[in-house]
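Subject: Structure handover

Hi,

Here is the structure for you to look over. My notes on what turned up follow below it.

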Amino acid sequence: NSSLGTAEKMGEKKFGILAGVVENPEGAEISNITISDCSVASSKDYAGGMIAMVSAKTIISGTNTITRTNVYGASAGGAIGYVKQPVTMSGTTCSDGVVVCTGNNAGGLIGYMDASSDISGCTVDVEVSGIQYVGGFVGTAVGNFTSNCSKGTVTGRTHIGGFAGRTLESKTCVFSKNYATGDVKVTSSGS
């Protein structure tokens, strides 16, 4: 059990409040984390409210809460910026924050996924904005999504969705019992 609050991280590299990169070859297990009143920003790389990049098999379980946390990055997610290796995630809530992506791949929970993962029972209620591949829950999705919810407003130029911005053509993506209730807004290319 860990609780983190009132932190600020900024720079050009991968930044997350809990970890920049999870890369232990043995994998990682994370559970019962509380993050609140934080900001994280990466001007040229991945940013996440919890982890910037997952490059080892990771299990995130228990009750994980990220509140009033703002994430800014070239690719950004409320919990994880980039999933490079499989993640099994359940019971994570992101609320009352913003995710702002200066490039592509912004999501309320996860920005960009390149590895098939299992995401279930997670709730997101944050404002998400970016240029393209912008989703209330996930920017670019790969894997299985079950019983998840996205409630925040989503704003972007192209490939925008209340739940997912896009799925990768070459990889399997299955959605079951997910829903999104937030507004989806398209901005012009000049904005």
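Start with Lys171, which is partly exposed at a relative accessible area of 32%. Its side chain meets that of Asp114 in a salt bridge, at 3.2 Å from N to O. This pair links distant parts of the chain, 57 residues apart. Asp114 sits in the loop between strands S14 and S15, and Lys171 in the loop between S23 and S24. Asp114 counts as partly exposed too, at 27% relative accessibility.

Bear in mind that this is a predicted model. The average pLDDT is 90, and 92% of the residues score at least 70. Strand S15 (residues 117–120) has the highest mean among the elements, 98. Strand S1 (residues 2–5) has the lowest, 50. Where pLDDT is low, the coordinates should not be read in detail.

The salt bridge count comes to 2. Arg68 and Asp37 form the other pair, at 2.7 Å from N to O. Arg68 lies in strand S9 and Asp37 in strand S6, so the contact ties together parts 31 residues apart in sequence. Arg68 is partly exposed at 42% relative accessibility. Asp37 is partly exposed at 37%.

Now the cavity search. It finds 1 cavity of 30 Å³ or more over the whole structure. The volume of the largest cavity is about 50 Å³. Its lining includes Arg68, Cys94 and Val126. Strands S9 and S12 each give two or more residues to that lining. S12 gives the most, with 5 residues. By class, the lining has 5 nonpolar, 5 polar and 1 charged residues.

Best wishes

How values were computed:
Residues numbered from 1 in each chain as written. Predicted model: local features only at pLDDT ≥ 70, side-chain atom pairs only at ≥ 80, totals over all residues. Heavy atoms only, no water. pLDDT = per-residue confidence, 0-100. Helix = DSSP H or I, 4+ residues; strand = E, 2+ residues; numbered from the N terminus. 1 Å grid on protein atoms, 1.4 Å probe; cavity = no way out; pocket = protein on both sides within 12 Å on 5 of 7 lines; lining within 4 Å. Points joined across faces, edges and corners; volume = space filled by probe spheres on them. Nonpolar A, V, L, I, M, F, W, Y, C, P; charged D, E, K, R; others polar. Salt bridge = Lys/Arg side-chain N within 4 Å of Asp/Glu carboxyl O. Buried < 20%, exposed > 50% of the residue type's maximum accessible area, 1.4 Å probe, protein only.
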